[in-house]
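Dear colleague,

Please find below the structure that I am handing over to you.

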Amino acid sequence: MKKSMVHLISIVMRFCAMLVVVTLIAMPSDLYAQNAEINISKGWEEDPPRLSSLVDFTKSESNFRIAVKRYVEDKASIKRRYEVLLSPVRHKRLRAFHRGWQKRLKELDFDILNHEGKIDYIALSNQIKYDLEMIKLAERQAKQMAPLLPFGDKIRLLQENRHDRKRVDPKEAAATLDEIANQISSLTKTLTSQGKKTDGIVVRKDISSINAWRATKQIQHLQGVLENYNTFYDGYDPIYSWWAREPYARADASLTDYVKAIEEYLVGIKPKEKSPIIGNPVLAGGLRAGLALHMIPYTPKELIDIGEKERDWIIKEFKKVSRDMGLGNDWKAALEYAKNQAPPPGEGPWPIFEIQEYTEEFLEQLDMITIPPITLEIWRLAMQTQERQKTNPFFTGGEQTRVSYPTDGMSHQDKLMSLRGNSPHLNFGSVMHELVPGHYMQGFMTKRFNAHRGELQRTPFWGEGWAQYWEFHFLSKGLPRNNSDKVGMLFWRLHRANRIIFSLNYHLGNWSADQAVDFLVEHGGFELANAEAEVRRSLMGTNAKPSNYTDYTLSYPPLYQVGYMVGALQFRALYQELVDSGKMSAAEFHDAIILGGRMPVELVRARLTKQSLTRDYKTKWNFYKPTKTK
């Protein structure tokens, strides 16, 4: 798609005229204005923005950003050095690190910070409190898993002694590896024999299924640690190889067998059978730390009430569209019609290009945000693998956006459900959510401006909330091409309200995983396989692998699913406060947010309004007002 020169000139003029943004948040203009058309045949000589504007930008940046960067990098360095997850040595070192930073924060004269620096100070202070709470959680989880890991300290000490630069005694190391292999083999034999005496599931009062599942991840992690330890010596130290090669091979094999036994007899993951959905309700106390970190001033029950109010509004809108389609108030019939418009296998990606091009043109007409032209050039599509579609049944965003569509290896029923769940109409609202101005553009900008904030905290209320918020705008501004497109947009908006309801009810201990699945099928219009994948991802975080598995949480924390709708509602309230009131233009507002970097939305508000801040600032913005039909 080519941009007209008239529109490109308007982009340049608008960036140069962003005086309000400069006044409100000391943000320079013209950061991404370009004169070149999006036409790769013309060349790229004019790609760079004006460099003087980038120099000016640094003058407005936080004078505390280097401290944030230092915290982030030092914490990451410590975690790499003390690599054994759930290790008491790791926890002790991290706790000392966090407490040391807390002391330094208290010593700092808060008033020497500029406004951007004060925002970073508050965000860092909140992050440190959260990190300390997560260490407590990690220690509790380690204790819960301990009955299945009596050999864990032996493996941990082998690697930690090596990192402490102690010379190995090959004979002693071989003896330790022999003990590990024998102990794990005995544990596996006992568990297997117990499992065969029952119906295949061993019930243990001392460990739950989720902790058994977590234990498998920790065992796989320890297996990797042991492999790294052995690689350091084997083949380089002939005496070590002579003593340790055989017992190490047995220890490694025994760890693999033990994981399989736990999965089958304690977790219930059977070969060639559908895996159970396992979760870990963190209850109200477990949600408290996350709500404080993300600066959300509502209780979980109040958030559920917000989700239900938004859901009621969406269902009313759904019924309006259904009546327009001649289907009465049967919104599910309207959804069925939209689902059944899927193109045949192999055609899944092409409607995505068409939708994005249409959205880009619509966004130009709205003139609500400045889009760096290079972003429209470099994004690409890839296909979601069959395995990834078990937890990501829809397409996901980024510079390389992945499309979910049936593969030839799926069962017949799964192929049909994947087709119906990824029709162009259902994907219609998600394209801008995942690409421009959603996640892909977010990532593009946050890598270039105030990147330290995203490194400190990747709050879903800013990340997912921003993308969802643009769906609000596009629906209200008339983006849908037809009623089926409206159905697709309302389907996803309904799902984001439902995510608040099912995820928080689960974590409060009110619902089971199966109830969550049934809720999405019955009240969200989901295909069964897609509902199971959604709940599995939300509750288990099964994207986590041993290499990136953390010692205090799964890859999707409990409040992640809440972040979509609630974050969007925060941005909408802020838009009403600053744009609808005439204090900022829509373009100035959105440009300021995207250049400011990732942070809790309440801090976005403090930043744009130049709100007076104190070092002990607490969340207090009651942002929610129910959605009303215009």
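The notes below concern the nonpolar cores and the salt bridges. Please bear in mind that this is a predicted model.

Nonpolar cores

The largest nonpolar core comprises 121 residues, and L303, V535 and F589 have the most contacts inside it. The greatest contribution to this core, 12 residues, comes from helix α21 (residues 483–507). Leaving aside residues up to four places away in sequence, F589 touches Y469, F571, L574, Y575, L578, V579, M584 and L608. Another core, of 41 residues, lies apart from the largest one; V84, V225, Y229 and L266 are among its members. In soluble globular proteins, nonpolar side chains tend to be buried together.

Salt bridges

The model contains 29 salt bridges. In one of them, R453 pairs with E116, with 2.9 Å between the closest N and O atoms. R453 belongs to helix α19 (residues 451–456) and E116 to helix α6 (residues 115–145), so this pair ties together parts that are 337 residues apart in sequence. E116 also forms a salt bridge with R607, at 2.8 Å from N to O. R607 lies in helix α26 (residues 601–608), 491 residues from E116. Both R453 and E116 are buried, and R607 is buried as well.

A further salt bridge joins E317 and K320 at 3.2 Å. These two residues both lie in helix α12 (residues 300–324), 3 residues apart, or about one turn of the helix. E317 counts as buried because its relative accessibility is 16%, under the 20% limit. K320, at 32%, counts as partly exposed. Elsewhere, salt bridges with shared partners join E116, D120, R453 and R607 into one network.

With kind regards

Key. Residues are numbered from 1 along each chain as its sequence is written. This is a predicted model: local features need pLDDT of at least 70, side-chain atom pairs count only at pLDDT 80 or more; totals for chains, interfaces and linings use all residues. Side-chain values use heavy atoms; hydrogens and water are left out. A nonpolar core is a set of buried Ala, Val, Leu, Ile, Met, Phe, Trp, Tyr and Cys residues joined through side-chain atoms within 4.5 Å. Buried means under 20% relative accessible area, exposed over 50%, partly exposed in between (1.4 Å probe, protein chains only). Helices (H or I, at least four residues) and strands (E, at least two) are DSSP runs, numbered from the N terminus. Contact means heavy atoms within 4.5 Å. A salt bridge is a side-chain nitrogen of Lys or Arg within 4 Å of a carboxyl oxygen of Asp or Glu.
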